[in-house]
Amino acid sequence: MEEKYETLKIQQESPNSGVFNLIINRPSVSNALGLNFFSEFPKVLNALDQNPNVAVIVLSGSGNHFCGGIDLKSLAAMADDNSGDQGRTSERLRRKIKFLQDAITAIERCRKPVIAAIHGACLGLGINIVTACDIRYCTKDAIFSVKEVDLAITADLGTLQRLPGIVGFGKAMELSLTGRRFSGDEAKELGLVSRVFGSREELKEGVRTIAEGIGGKPPLAVVGTKAVLLRSRDVNVEQGLDYVATWNSSMLLSEDLTEANSAQKQKRKPTFAKL
């Protein structure tokens, strides 16, 4: 946890809190992200996931924006990588794209819930990131755009796969083809975010309260809920039910279950072992 990163910062909410803030930290360029982010991000998420003191991760941006998109210099460097053999150049580019995709999917691989707290601009790559998060909140003045089409790119890091399941196919198609900007209030209407806060301070405090609430719940049930929902999204109902039956047959009978029931009967706050 002590390691320094070029594109990210980690801050524990308070000494005894299970909420950890993961902050995109390139404010001088509106948190536009280069290739080094894609190396650091999954590494940091894995470290937080494996840390038993971490219950919930809140992802936010430093400075005036959440994420201004991908750093165009990195994009140009990828486009200029040409060996002369079209087949080999294309195969190498495909591997690079898969590497970038995997870094974003690390959010879903992380057992702990990841909450996006969005302010300012959330453009292009920012949409790829937040659609992979488990819960999303934003400020009233947040601005969103599926920007890739304007850069002559078919969005390839998850937006076109995840956004339809969040806002609906037709709305995702319209946003992705037009690349138009939309506000925090419209993001709420679309279902992209769960709640809109009036200011950045209200967002920070509101999300902290929500995260602390989730962090106080039985850890096995929290990670199980995330895992089963993600699995059920990608399979039919019967397969999803089979998956949760298998999950609970191995996870249900735990000390968490005993403690939760005892606390309810005794009308006290439960205490759970870390995960």
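Biologist: Which residues does D49 touch, not counting residues up to four places away in sequence?

Modeller: This is a predicted model, where local features need pLDDT of at least 70, side-chain atom pairs count only at pLDDT 80 or more, and totals for chains, interfaces and linings use all residues. Residues are numbered from 1 along each chain as its sequence is written, and side-chain values use heavy atoms, with hydrogens and water left out. Contact means heavy atoms within 4.5 Å. On that basis, D49 touches R109, C110, R111 and K112.

Biologist: Is D49 buried or exposed?

Modeller: D49 sits in helix α1, residues 35-50 (helices are DSSP runs of H or I, at least four residues, numbered from the N terminus). Buried means under 20% relative accessible area, exposed over 50%, partly exposed in between, using a 1.4 Å probe and protein chains only. D49 comes in at 5%, so call it buried.

Biologist: What kind of pair do the rings of F37 and F38 make?

Modeller: Rings of Phe, Tyr and Trp (its six-membered ring) pair if their centres lie within 6.5 Å; planes under 30 degrees apart are stacked, over 60 edge-to-face, the rest tilted. For F37 and F38, the centres are 5.4 Å apart and the planes at 80°, so the pair is edge-to-face.

Biologist: And which kind do F37 and F41 make?

Modeller: Those two are 4 residues apart in helix α1, so about one helical turn separates them. Both F37 and F41 are buried. Their ring centres lie 4.8 Å apart with planes at 25°, so the pair is stacked.
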